[in-house]
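Please view the sequence and the structure below, then read the points grouped by topic.

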Amino acid sequence: MAQDHIRYDILAQDALRSVIRKVLSEVAATGHLPGDHHFFITFLTGAPGVRISQHLKSKYPEQMTIVIQHQFWELKVTESLFEIGLSFSDTPEKLVIPFNAIRGFYDPSVSFELEFDVAIDEEEEEAPAAEITAYPLDKAEDEAPKTGGDDDKKPGGSVVSLDSFRKKN
């Protein structure tokens with residue numbers, strides 16, 4: 001197979017992360033979520049650039065999911081990350097989350113989900129296979145293919161394997 005000098009896998013992940021960036025930017029500009037929209041965002045707590053309190057880091061040493069719905073403040077979005085204020089057990093916290101640390105984004109109001117494979121150690125020589133799943137889940141459950149494992153509880157989507165696009169050593 002020819003060597004991929006363009007790195008389509010990285011371009012595809014960046015394009016899908018730009019969807020999250022655009023949505024959060026619009027929420028930051030208006031100060032609220034439109035309609036019934038709300039977001040579940042799962043991210044790696046140990047990823048480079050993530051800033052959360054030591055309390056949250058000890059409670060969620062690998063990854064955590066935040067919900068952006070009714071109570072949030074000071075949402076700021078840049079090209080590479082977002083900052084947000086959220087309350088955890090009545091304790092206000094400020095989180096800084098780089099888009100590259102995000103593993104999943106889900107808006108249950110319209111059944112839209114993005115999933116990313118994020119390497120925990122960015123300096124690994126052989127990163128695990130990257131897969132991106134992007135699917136609006138508004139079709140009947142039996143129309144969408146199922147994914148394996150615990151994901152059988154929700155409608156699946158087409159998984160684009162990016163192995164064929166990875167640079168081979």
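## Briefing on the chain

Arg7 is located in the segment that precedes α1. Its phi is near 65 degrees, which is a positive value in a residue other than glycine. With a relative accessibility of 23%, Arg7 counts as partly exposed. The model that shows these features is predicted, and the points below describe its overall make-up, its confidence and selected side-chain pairs.

**Overall make-up**

- Two helices and nine strands are present in the chain.
- In sequence order, these elements follow the pattern α-β-α-β-β-β-β-β-β-β-β.
- The chain has 169 residues, and 34% of them are buried.
- Of the contacts between residues at least 6 apart in sequence, 53% join residues at least 24 apart.

**Confidence of the prediction**

- The mean pLDDT of the chain is 78, and 70% of the residues score at least 70.
- Among the elements, strand β1 (residues 39-44) has the highest mean pLDDT, 97, while strand β8 (residues 131-136) has the lowest, 40.

**Surface patch and backbone**

- Ile6, Tyr8 and Leu11 make a nonpolar surface patch of about 300 Å².
- Leu11, one of these residues, is placed in helix α1 (residues 8-30).
- The relative accessible area of Leu11 is 46%, so this residue is partly exposed.
- Ser111 is not a glycine, yet its phi is positive, at about 50 degrees.
- The position of Ser111 is in the loop between β6 and β7 (112-116).

**Aromatic pairs**

- Three aromatic pairs are found in a search of the whole structure.
- One of them joins Phe40 and Tyr106 in a tilted arrangement, with 6.3 Å centre to centre and 40 degrees between the planes.
- This pair links distant parts of the chain, since Phe40 is in strand β1 and Tyr106 in strand β6 (residues 102-107), 66 residues apart.
- Phe40 counts as partly exposed because its relative accessibility is 30%, and Tyr106 counts as partly exposed because its relative accessibility is 27%.
- Phe82 and Phe99 form a pair whose ring centres are 5.8 Å apart and whose planes are at 40 degrees, so this pair is tilted.
- Phe82 belongs to strand β4 (residues 81-88) and Phe99 to the loop between β5 (91-98) and β6, so the pair ties together parts that are 17 residues apart in sequence.
- Phe82 and Phe99 are both buried.

**Salt bridges**

- The structure contains four salt bridges.
- One of them is between Arg21 and Glu79, whose closest N and O atoms are 3.9 Å apart.
- Arg21 is in helix α1 and Glu79 is in the loop between β3 (73-77) and β4, so this pair ties together parts that are 58 residues apart in sequence.
- Arg21 counts as buried at 17% relative accessibility, whereas Glu79 is exposed, with a relative accessible area of 61%.
- Glu26 and Lys22 also form a salt bridge, and their closest N and O atoms are 2.9 Å apart.
- Glu26 and Lys22 are four residues apart in helix α1, so about one helical turn separates them.
- Glu26 is partly exposed at 44% relative accessibility, while Lys22 is exposed, with a relative accessible area of 52%.
- A further salt bridge joins Lys94 and Glu83, with the closest N and O atoms 3.1 Å apart.
- Lys94 is in strand β5 and Glu83 in strand β4, so the pair ties together parts that are 11 residues apart in sequence.
- Glu83 counts as buried, because its relative accessibility is 17%.

**A buried strand residue**

- Leu114 is part of strand β7.
- The relative accessibility of Leu114 is 1%, so this residue counts as buried.
- Leu114 and Ile41 are 73 residues apart along the chain, and their C-alpha atoms are separated by 9.6 Å.

Note on methods. Residues numbered from 1 in each chain as written. Predicted model: local features only at pLDDT ≥ 70, side-chain atom pairs only at ≥ 80, totals over all residues. Heavy atoms only, no water. Buried < 20%, exposed > 50% of the residue type's maximum accessible area, 1.4 Å probe, protein only. Contact = heavy atoms within 4.5 Å. pLDDT = per-residue confidence, 0-100. Patch = residues over 30% accessible without salt bridge, like charges linked within 9 Å, V, L, I, M, F, W, Y side chains within 5 Å. Areas by Shrake-Rupley, 256 points an atom, 1.4 Å probe, with all protein chains shown as cover. Salt bridge = Lys/Arg side-chain N within 4 Å of Asp/Glu carboxyl O. Phe/Tyr/Trp six-rings, centres within 6.5 Å; stacked < 30°, edge-to-face > 60°.
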